[in-house]
Amino acid sequence: MTESIGRTAGSVPERTAGRFVGQKVLRKEDPRLLTGHGHYVDDVTFTGMLHATFVRSDVARARITRLDTDAARNAPGVVAVFTAADLNDQVAGSMLPSLFQGAEDFMAPIFPLARDDVRFVGDPIVLVIAENRYLAEDAAELVEIDYEQLPAVVDYESAAANPEKVHPDRPANVAMMMGGPPEPDLQAVFDGASHVVTETFRQHRYSMVPMECRGVVARFDPFDNQLDVWLSSQNPHEARLAFSRVTGLPENCVRVQIGDVGGGFGLKSFVGREEQTVVLAAFLLKRAVKWIEDRHEHLIASAHARVEKMTVTMAVDGDGRFLGAYVDHVDDSGAYPIGGGSAGMLSCPLITGPYRVPKVGYQTTQVWTNTCGKAAYRGPWMMETVAREEMVDVVARAIGMDPVELRRRNVIHRSDLPYTSAGGQFINNVSPEETLEQCVGAIGYDDFRTEQAKAKAEGRLLGIGFALYVEPQTNFGPYGNEPAHLRIAPDGRVDVYIASGAHGQGLETTTAQLTAEFLGVHVDDVTVHQGDTDATPYGAGTGGSRSGPMIGAAIHDAAILLREKVFAVAGHLLEAAPEDLQMEESLISVSGTPAKSVSLAQVAQVAHLGPGTLPDDVDPILEVMHRYKAPDGVWSNACHVCTCEVDPHTGTVRISRYVVSEDCGVMINPNIVEGQIAGGVAQGIGGVLYEHNVYDADGNPLSSTFLDYLVPTAAEIPEIECLHIETPATTPGGFKGVGEGGAIGAPPAVFNAVADALAQVGATVTDQPLDPTTVLAALRAASQD
Ligand code: MCN
């Protein structure tokens, strides 16, 4: 096996380019998934397997004054009842949900179960394990808990100053604070600008709501000292490390497998407290234990996201050119954030996005509250896009300029690249101006404005909203590298092993396309293996829209190294120099003499079965393990435009058209790219118009079922029209990520469309969600003015 680190191999031969990469290859996983033959964690079952359920706090903040589990322990079918007294001392230090460097700084210690106090509704207090789920749930009902209730910290905007503390051992409710007031040079810009506009924007609490909630099956065999875990995850290798830590077993005694995963949206990048607790229980019981999160638990206790506000101040000159921006950001991380907790660190420096803004300053504060913890959710830093793009429209209205014209005057042009932003980001190979113009053309901007004016005369409110963003990838944390392991079987077919944890985005297909393209075989001859820590190389899993650039580059380089090995064997068989050989559709031939050829299967047979026939300097191991090391900064970008009609009588919003112009570099599979965009846009539309996870003032969740937490259906989502600009990244293959983009651009585009409609009658909105009540209130307020 050849192991190479960080080497970028030579470029791909022209003739194979585009045979599979860039083609709309049908998704390999779909026949299985669409006919109900997917294999999810709940499908894993063993004879004698036990089932777990949690007893959770039903108050937001309280001391536990009495905990009586006797009746539960004696209930039929109950095998074990664990409390904090049984489990918490077993874990060495706190349980780490994320290995992102520095994550500990922003997190309060997390233990399996609440011990003396509870810190949000849903905080797990007792774990009941029984012969089946019904018996476990029945026994859980028998657990008696008395609380001394304490005032809950629910409002995140006042949490920093609230003397009541979410975590009693911390000096205050501030988890993290960075930056500070504007520096004097930025203040001087504000003092001298023609226009200075300040506005505050808020996002509200979303849940991730994947179709498959969280779940785990763990089985410990003490005779083999082997812990097997089946998990619904985006990140199997990190999960293995977490389970090793929580049990004290060496990592190589732990195997994590993920099968099909019914969505994750960021939540499953991290190893949840419940999953770690169930694994610890299975280890202690030396039995197989299953826990499947139900939807109610998911909505109150898995993780929440997007609860943040940004106050933006923009300085603009008399021609509408941005001169400087200052941002004050506050972010609610709940009681126990599990990753993505430090989004403000990314979000604030990115505030300038795709625009030239010479000076920037920011302050970000992350606070704890007595609510469900925050996790990364598809584009976790995207508050900068929301605040900036909504601000651009506010500024346009304030200075009396068309919002498209204001964007045109400030957007980064190709001639500005590479561009180092005032926040310190080095941005290259992006096309914000081109995507803006593509959207303006596709939506028919001028015609829309004419139609809007006509509609207004008829009492109808139409609106249009744009949003641009640039999105950084690949270079975050310790994960600026990606492995790929390619192996040719004796029959010439190819096995590929990747570190990812695909959870809906089609990596089985695109990985096969990449391998087929760069190696020179047919896509049907490639089998992709992922989600098994015993079989796949160590890596960061799937998140941050990193698979396209990272797996793409790793496979590109590994395939070229493997071709060299194949050509060395084939060269011997064909009596030709390896550099004169080419391979297409698994046939290796001499360039210019196509009749002189040998199949990959023949080469593989010789390498596997007759290596003694090869010269000593020809390596018969047709296998390559490569670890690609990424450069800093691969950037995707896009422009979204949305048109809508607001009903002035009911406050409801109907989206009429939605267009996205996306630049994710070279597309591996345009169908998959467009599917990713459409899915993300649907989440953005849902977020602005329907989804809202509400707490009351005492910290009681009010949206704990799908009756109250409204997820949009196909009826609410228009056709998403996708256009593409392909600006290749400098990474091998030229791929850039796309998975998060839809969910980044959609919220401000939808918001701006509604705000544009309302602005015609003097109504203003700054906060999400835009449910009918909020829209009607804005209309009423305007009519009273
Ligand atoms: N792709 C492509 N061409 C490119 C870039 C990507 O064809 N130039 C393909 C990739 O090969 C992959 C898909 O598009 O099949 C998404 O790739 P990428 O943007 O690299 O993102 P990741 O695979 O790393 O996926 C993560 C991203 C994130 S962070 C979340 S959250 C997310 C998502 O994508 N959650 C999803 N997409 C999701 N899709 C589904 N169905 N369900 C989720 O939970």
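Helices (H or I, at least four residues) and strands (E, at least two) are DSSP runs, numbered from the N terminus. The views below are close-ups of a predicted model.

View 1. The bond runs from leucine 417 to proline 418. Its omega is near -5 degrees. Proline 418 sits in a loop.

View 2. Proline 769 belongs to the loop between helix H18 (741-759) and helix H19 (772-784).

**View 3. Lysine 286 has a positive phi.** The angle is near 55 degrees, in a residue other than glycine. Lysine 286 is placed in the loop between H7 and strand S14 (288-292). Helix H7 itself spans residues 273-285.

**View 4. The ligand sits in a shell of 31 residues.** Gln505, Ser547, Gly548, Val738 and Gly739 are the closest of them. By class, the shell holds 18 polar, nine nonpolar and four charged residues. Three helices each supply at least two shell residues: H14 (507-520), H15 (547-574) and H17 (670-689). The largest share comes from H17, with three residues.

**View 5. Polar atoms of the protein meet nitrogen and oxygen atoms of the ligand.** A ligand oxygen lies 2.6 Å from a polar backbone atom of glutamine 505. Glutamine 505 is also listed among the closest shell residues. A ligand nitrogen lies 3.1 Å from a polar backbone atom of lysine 736. How much of the ligand does the protein bury? Taken alone, the ligand exposes 820 Å², and the protein buries 95% of that.

**View 6. The largest cavity holds about 120 Å³ of space.** The volume is that of the largest cavity, and the model has six cavities of 30 Å³ or more. Thirteen residues line the largest cavity. Closest to its centre are Arg273, Ala301, Ser302, Tyr336 and Ile338. Helix H7 (273-285) and helix H8 (295-302) each give at least two residues to the lining. Which classes make up this lining? Seven of its residues are nonpolar, three are polar and three are charged.

**View 7. Three strands form an open antiparallel sheet.** The strand order is S5-S3-S7. Strand S5 (117-118) and strand S7 (144-149) stand at the edges. Each has a single partner strand, so one side of each is left without a neighbour in the sheet.

**View 8. S3 and S7 pair over six bridges.** Strand S3 covers residues 62-68, and its pairing with S7 is antiparallel. Which residue of S7 is the bridge partner of isoleucine 64? The partner is tyrosine 147.

Technical notes:
Residues numbered from 1 in each chain as written. Predicted model: local features only at pLDDT ≥ 70, side-chain atom pairs only at ≥ 80, totals over all residues. Heavy atoms only, no water. Near = heavy atom within 4 Å. Polar contact = N/O pair within 3.5 Å; in protein donor to acceptor, adjacent residues only side chain to side chain. Areas by Shrake-Rupley, 256 points an atom, 1.4 Å probe, with all protein chains shown as cover. Nonpolar A, V, L, I, M, F, W, Y, C, P; charged D, E, K, R; others polar. 1 Å grid on protein atoms, 1.4 Å probe; cavity = no way out; pocket = protein on both sides within 12 Å on 5 of 7 lines; lining within 4 Å. Points joined across faces, edges and corners; volume = space filled by probe spheres on them. Pairing = 2+ DSSP bridges.
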